[in-house]
Amino acid sequence: KALVTFTLRNGNSYAVKDIEIACAFLRPDGSHLTSRRRVLPDTVSMNSRKRYSGMLVGFVNVYATKAKCSAVAANRI
C-alpha cells in the first residue's frame, strides 16, 4: 500500500470539491513503474490550502522508490 502526504492549494476565487489526484511511482533509476488515481471527496475553500496526511492511494509495486502526485481535476462549487 502507498501512503502519501501532500498539501492542496486552491488559488481560485471559488471552492472546489471531488479533487482527482494522480500519482506516478518510479523505479530507483527514475523510470515509470505504475500509476494510481484517487478522487478525494472533500472541499477546498477558495484561496486556501488543505493538508492531507497519510492518504492511501492504492497498492504499488514493491520496487517503487519515488512518487510524484498532482491534482488533475476538480469540480467547481
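Trainee: What share of the 77 residues in the protein is buried?
Mentor: Buried residues make up 27% of them. Keep in mind as we go that this is a predicted model.

Trainee: Okay. How many helices and strands are there in the protein?
Mentor: It has zero helices and five strands. Along the sequence that reads as β-β-β-β-β.

Trainee: And what does the C-alpha trace span along its principal axes?
Mentor: About 40 × 20 × 20 Å.

Trainee: How do strands in a sheet hold on to one another, in general?
Mentor: They pair through backbone hydrogen bonds, either parallel or antiparallel.

Trainee: Back to this one, then. How many bridges join S2 to S3?
Mentor: Ten, with the two strands running antiparallel. S2 and S3 also form a hairpin, with five residues between them. Look at Gly-30 in that turn, which has a positive phi of about 95°.

Trainee: And how many join S2 to S5?
Mentor: Nine bridges, antiparallel again. As an example of a facing pair, Phe-25 stands opposite Ala-67 in S5.

Trainee: New topic: cysteines. How many disulfides does the structure hold?
Mentor: One. Cys-23 and Cys-69 form it, with their sulfur atoms 2.1 Å apart. The link joins distant parts of the chain, since Cys-23 sits in strand S2 and Cys-69 in strand S5 (residues 66–76), 46 residues apart.

Trainee: Which hand does the disulfide have, and why?
Mentor: The torsion about the S-S bond of Cys-23 and Cys-69 is about 110°, so the disulfide is right-handed.

Trainee: Is Cys-23 buried or exposed?
Mentor: Cys-23 is buried, at a relative accessible area of 2%. Cys-69, on the other hand, is partly exposed, at 32%.

Trainee: Which residue is the bridge partner of Cys-23 in S3?
Mentor: That's Arg-36. The side chain of Arg-36 also makes a polar contact with the side chain of Thr-34, at 3.2 Å.

Trainee: Tell me about Thr-34, then. Is it buried or exposed?
Mentor: Thr-34 lies in strand S3. Its relative accessibility is 15%, and because the limit for buried is under 20%, Thr-34 counts as buried.

Trainee: Which residues is Thr-34 in contact with, leaving aside neighbours within four places in sequence?
Mentor: Thr-34 is in contact with Cys-23, Ala-24, Phe-25, Val-60 and Asn-61.

Trainee: Now the inside. Which residues in the largest nonpolar core touch the most other members?
Mentor: There are 15 residues in that core, and the ones you want are Phe-6, Leu-8, Ile-21, Leu-40 and Tyr-52. The elements giving two or more residues to this core are strand S1 (2–10), strand S2 (16–26), strand S3 (32–44) and strand S4 (48–58). S2 has the largest share, five residues.

Trainee: Let's zoom in on Ile-21. What does Ile-21 touch, not counting residues up to four places away in sequence?
Mentor: Among them are Phe-6, Leu-8 and Leu-40. Ile-21 also touches Arg-36, Arg-37 and Arg-38, as well as Cys-69, Ser-70 and Ala-71.

Trainee: One more: Asn-10. Is Asn-10 buried or exposed?
Mentor: Asn-10 is buried, with a relative accessible area of 4%. You'll find Asn-10 in strand S1.

Trainee: How far is the backbone oxygen of Val-44 from a polar atom of the Asn-10 side chain?
Mentor: That distance is 3.2 Å. Not counting residues up to four places away in sequence, Asn-10 touches Val-44 along with Ala-15, Val-16, Ser-45, Met-46, Asn-47 and Ser-48.

Trainee: Great, thanks for the tour!

Definitions and conventions. Residues numbered from 1 in each chain as written. Predicted model: local features only at pLDDT ≥ 70, side-chain atom pairs only at ≥ 80, totals over all residues. Heavy atoms only, no water. Core = buried A, V, L, I, M, F, W, Y, C linked by side-chain atoms within 4.5 Å. Buried < 20%, exposed > 50% of the residue type's maximum accessible area, 1.4 Å probe, protein only. Helix = DSSP H or I, 4+ residues; strand = E, 2+ residues; numbered from the N terminus. Contact = heavy atoms within 4.5 Å. Disulfide = S-S within 2.5 Å. Polar contact = N/O pair within 3.5 Å; in protein donor to acceptor, adjacent residues only side chain to side chain. Pairing = 2+ DSSP bridges.
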